[in-house]
Amino acid sequence: MIRIAKGAPPTNLAERARVGHEGHIADYVADPGDYRSGAKAFKPDSAIYGARAVKTRLRASHHGKCAYCEEHLPPRIAHGHVEHYRPVAFSQDDVGSPEIRPGYYWLAYDWDNFLWSCHYCNSTKKGNVFPLRNKRMRVRRHDGDVTAETPMLIKPDAEDPSEHIGWYREVPKGLTPRGRVTIKVLGLDLPAHETRLQHYRNLESAYERVCDLNGSPDAKARRHALAFRAFLMDAEHPSKPFSAMSAAFNRDNPLPPLPEED
Ligand SMILES: [Zn+2]
């Protein structure tokens, strides 16, 4: 996970979001009991939150990667999801915990509540789980103040994930309680992330090649070493998949000094 600069929302979102939120709030005010019991549930309108302009802007600002696992989501191959950081229909304190209804229905179309995510992180793992440091502070009405909540999930467009999540080889490690909860809820350390493991192996083998070829008397071998060096440095770029892991790899495996050219 890396810090994401999401930028401004698409210009036409504000008005559609306002109308959508007003509708949700009116529905809730008319029938709060039904929304609390689950007899009625909010189902956000994908024509608003999933509009092409929203998706395009999210995909670009996330470098085409999942906000949580940094898997690359190429259009037409892996469908990116517009993920609601605060869930809309209901919330859960943990996986399998009781449903707390309603969810954050007044944030269903809020740009600040959107992230770009893969199916695994958004649907298979996170779902409606949204743990708070203090459960009793959970806001369940549109007139509440969510800034009084302390969410346990790292919000990568609002804070630097590297302060909470470090790496041991290809496995993320929680540095703080929030980092640990984020890893657990999203399953970031599970073997399902096999593409990341493969990427780690590529980093390892590139590093070995640099070390082997760096001081070679053969000019061609030294050029290969430079290419592997460039691959390792480039892997840290935010546009590259698993760039947080790659940056940690480079910190843990300093490159040998460039050989002096004669
Ligand atoms: Zn993901």
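1. Domain layout. The protein splits into domain 1 (13–146) and domain 2 (194–252), with bounds that come from an automatic or database domain assignment. The C-alpha centres of domain 1 and domain 2 are 38 Å apart. Domain 1 gives 6 residues to the contact and domain 2 gives 8 residues, where contact means heavy atoms within 4.5 Å.

2. Basis of the values. This is a predicted model, in which local features need pLDDT of at least 70 and side-chain atom pairs count only at pLDDT 80 or more, while totals for chains, interfaces and linings use all residues. Residues are numbered from 1 along each chain as its sequence is written, and side-chain values use heavy atoms, with hydrogens and water left out.

3. Domain interface, area. About 560 Å² is buried between domain 1 and domain 2, and 46% of that is on carbon and sulfur atoms. Buried area here is the accessible area (1.4 Å probe) that two parts lose on being put together, summed over both. On the side of domain 1, the residues that lose the most area to domain 2 are His63, Glu70 and Glu71, which together make up 67% of what that side buries.

4. Between domain 1 and domain 2 the count is 0 salt bridges; a salt bridge is a side-chain nitrogen of Lys or Arg within 4 Å of a carboxyl oxygen of Asp or Glu. The side of domain 1 that touches domain 2 has 3 charged, 2 polar and 1 nonpolar residues. In this classification Ala, Val, Leu, Ile, Met, Phe, Trp, Tyr, Cys and Pro are nonpolar, Asp, Glu, Lys and Arg are charged, and the others, Gly among them, are polar. The interface of domain 1 and domain 2 has 7 residue pairs in polar contact, with both residues at pLDDT 80 or more. A polar contact is a pair of N or O atoms within 3.5 Å; within protein, one must be able to donate a hydrogen and the other to accept it, and residues adjacent in sequence count only if both atoms are side-chain atoms.

5. His63 has phi near 55°, a positive value in a residue other than glycine. His63 sits in the loop between helix H4 (52–61) and E1; helices (H or I, at least four residues) and strands (E, at least two) are DSSP runs, numbered from the N terminus. Glu70 is found in the loop between H4 and E1, and its phi is also positive, about 65°, although Glu70 is not a glycine. His63 counts as partly exposed because its relative accessibility is 33%, whereas Glu70 counts as buried at 2%. The classes are buried under 20% relative accessible area, exposed over 50% and partly exposed in between (1.4 Å probe, protein chains only).

6. Cis peptide. The bond from Arg101 to Pro102 is cis, with omega near -10°. Pro102 belongs to the loop between strand E1 (81–84) and strand E2 (114–117).

7. Salt bridges. The salt-bridge rule gives a count of 16. In one of them, Lys126 pairs with Glu83, and the closest N and O atoms are 2.8 Å apart. Because Lys126 lies in helix H5 (residues 119–126) and Glu83 in strand E1, this pair ties together parts that are 43 residues apart in sequence. Lys126 is buried at 0% relative accessibility, and Glu83 is buried with a relative accessible area of 1%.

8. Further pairs. Arg138 and Asp93 form a salt bridge at 2.7 Å, N to O. Arg138 is in the loop between H5 and E3 and Asp93 in the loop between E1 and E2, 45 residues apart. Arg138 is buried, with a relative accessible area of 10%. A salt bridge also joins Arg178 and Glu159 (2.8 Å, N to O). Arg178 lies in helix H6 (residues 177–186) and Glu159 in the loop between H5 and E3, so parts 19 residues apart in sequence are tied together. Arg178 is buried at 11% relative accessibility, and Glu159 is buried with a relative accessible area of 16%. Salt bridges with shared partners join Lys6, Asp112, Lys155 and Asp157 into one network.

9. Helix H9. In helix H9 (residues 243–252), 8 of the 10 residues are buried, including Met245, Ala248 and Phe249. The buried residues of H9 pack against strand E3 (165–168), helix H7 (194–213) and helix H8 (219–234).
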